[in-house]
Amino acid sequence: MTTAAPTICPDWLTRLPKAELHLHIEGSLEPGLMMRLAKRNNITLPYANEADIKAAYEFDNLQSFLDIYYQGASVLITEQDFYDLTWAYLQRAHADGIVHTEIFFDPQTHTERGIPFATVINGLRRALVDAEATWGMTSRLILCFLRHLPESDAFTTLEEATPYVDWIDGVGLDSSELGHPPEKFERVFARARALGLHCVAHAGEEGPPDYIWQALHLLHVARIDHGVRCDEDADLVAHLVAKQIPLTVCPLSNIKLRVFDELRQHNLAELLAKGLCVTVNSDDPAYFGGYLNTNILQTQQALGLDEPTVKQLCANSITASWLPDAIKQQWLAKIASY
Ligand code: ADE
Ligand code: ZN
């Protein structure tokens, strides 16, 4: 006999404080804004309208998504474009009850097209400052290296970032995982650590558990982005549990990119039950069908998660964040008494 999933009220979820720790700002570019920016910047897209764009969002795997995602980002040209993109995400995040967000950006996607690093980061930063002033929403920025590009390009990007290091909290590793193991970036991550930056890496999304071990041992990451393939290695799961290394899991992304066939087959609940510090995140919400609360609600329904488990997921997002301990304790107390 199967039991129906308990119903969770969307308003209840919205009022629950939470953090988002795995969000690519370029992946929050909605079709409407993409069309507006293309027009503003005289860029020709291979789509006639928003419906055409949405129709193109059928993916077989990570690479088929990345090809479309990099094409979409080509409409971002000016500092105001990066501001508008970030502000649009922050408004949606605020509407979901996100009190703190740690945002990935991919400078190489833009500098490769001749957009200065300063243009990108100035636009992002101005929106983050406005969000804190407007709602008290706190944030961190994580510079991601594109792993399909050579190590030397990552070093150049880190050099370009160095004047802005006070605005950047960590480095990450994203783009095509298979064939680009973390070991390729061991030296550039060591340099980032020497600059005082935290480290995270996408690992175990499509790649094997060995890539997660490499991210831990060679890149010294504080969190694993995705990490869902850790369950193929019992020693790895035991290690992640013992060290309480958080996983930033992105359920709707995993379905759109065919990591799991269906949400009800997702291993999130099993990972939680094994004692892993699992968080839920939206990854590239404009491409994958929903922002954070949609990810939480659809996962809750598909896996039959109860309210205490949803509260646990939100508490984990605060614990796994890079907020100061005193602030974490305040948010955790609010969640506990909710
Ligand atoms: N860049 C944007 N989204 C990504 C994902 N899910 N995996 C790897 N790189 C990405
Ligand atoms: Zn991601």
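**Entry 1: the whole chain**

I began with burial and found that 56% of the 338 residues in the protein chain are buried. I note here that this is a predicted model. I then counted the secondary structure and got 17 helices and 8 strands for the protein chain. The radius of gyration is 19 Å, close to the 20 Å that the globule rule gives for 338 residues, so I wrote the chain down as being as compact as a globular protein of that length. I also took the box along the principal axes, and the C-alpha atoms fill roughly 55 × 40 × 40 Å.

**Entry 2: the zinc ion**

Next I asked which residues coordinate the zinc ion (ligand 2). I found His22, His24 and His202, each through NE2, and Asp283 through OD. The distances run from 2.0 to 2.2 Å.

I looked up how these donor residues are spaced in sequence, and the pattern is H-x1-H-x177-H-x80-D. His22 lies in strand β1 (residues 18-24), while Asp283 lies in the loop between β8 (278-280) and α14 (285-288), so this pair ties together parts that are 261 residues apart in sequence.

What is the geometry of the site of the zinc ion (ligand 2)? I recorded it as irregular, with angles of 83 to 175° among the 4 donor atoms. For four tetrahedral donors the ideal angle is 109.5 degrees.

His22 has a relative accessible area of 0% and is buried. Asp283 is also buried, at 2% relative accessibility, because the cut-off for buried is under 20%.

**Entry 3: ligand 1**

I moved on to ligand 1 and listed what surrounds it. The list includes Leu62, Phe65, Leu66 and Tyr69. His24, His202 and Asp283 are in the list too, and these three residues are also among those that coordinate the zinc ion (ligand 2).

I then looked at how nitrogen atoms of ligand 1 sit relative to the protein. An N or O atom in the side chain of Asp284 is 2.6 Å from a nitrogen atom of ligand 1. For the side chain of Asp283 the distance is 2.7 Å. With Ser175 it is a backbone N or O atom, at 2.8 Å. I also looked up the cover: on its own ligand 1 has 260 Å² of accessible area, and the protein covers 100% of it.

Most residues other than glycine have a negative phi. I noted two residues that go the other way.

Ser175 has a phi near 80°. I placed Ser175 in the loop between β4 (170-174) and α9 (186-194). Its relative accessibility is 5%, so I counted Ser175 as buried.

Arg258 has a positive phi of about 65°. I placed Arg258 in the loop between α12 (251-256) and α13 (268-273). Is Arg258 buried or partly exposed? At 47% relative accessibility, Arg258 is partly exposed.

**Entry 4: His110**

Last, I looked up His110, which is in helix α6 (residues 107-111). I found His110 buried, with a relative accessible area of 0%. The side chain of His110 makes a polar contact with the side chain of Arg113, at 2.8 Å.

Conventions: Residues are numbered from 1 along each chain as its sequence is written. Chains are lettered from A and ligands numbered from 1 in the order in which they are written. This is a predicted model: local features need pLDDT of at least 70, side-chain atom pairs count only at pLDDT 80 or more; totals for chains, interfaces and linings use all residues. Side-chain values use heavy atoms; hydrogens and water are left out. Donors are N, O and S atoms within 2.8 Å of the metal (3.2 Å for Na, K and Ca); water is not among the atoms, so sites may look incomplete. Four donors count as tetrahedral if all angles lie between 85 and 135 degrees; four count as square planar and six as octahedral if opposite donors are over 155 degrees apart and all others between 65 and 115; anything else is irregular. Helices (H or I, at least four residues) and strands (E, at least two) are DSSP runs, numbered from the N terminus. Buried means under 20% relative accessible area, exposed over 50%, partly exposed in between (1.4 Å probe, protein chains only). A residue is near a molecule or strand if one of its heavy atoms lies within 4 Å of it. A polar contact is a pair of N or O atoms within 3.5 Å; within protein, one must be able to donate a hydrogen and the other to accept it, and residues adjacent in sequence count only if both atoms are side-chain atoms. Accessible areas come from the Shrake-Rupley method with a 1.4 Å probe; for residues, only the protein chains shown count as cover. The radius of gyration is taken over C-alpha atoms; the globule rule is 2.2 Å times the number of residues to the power 0.38.
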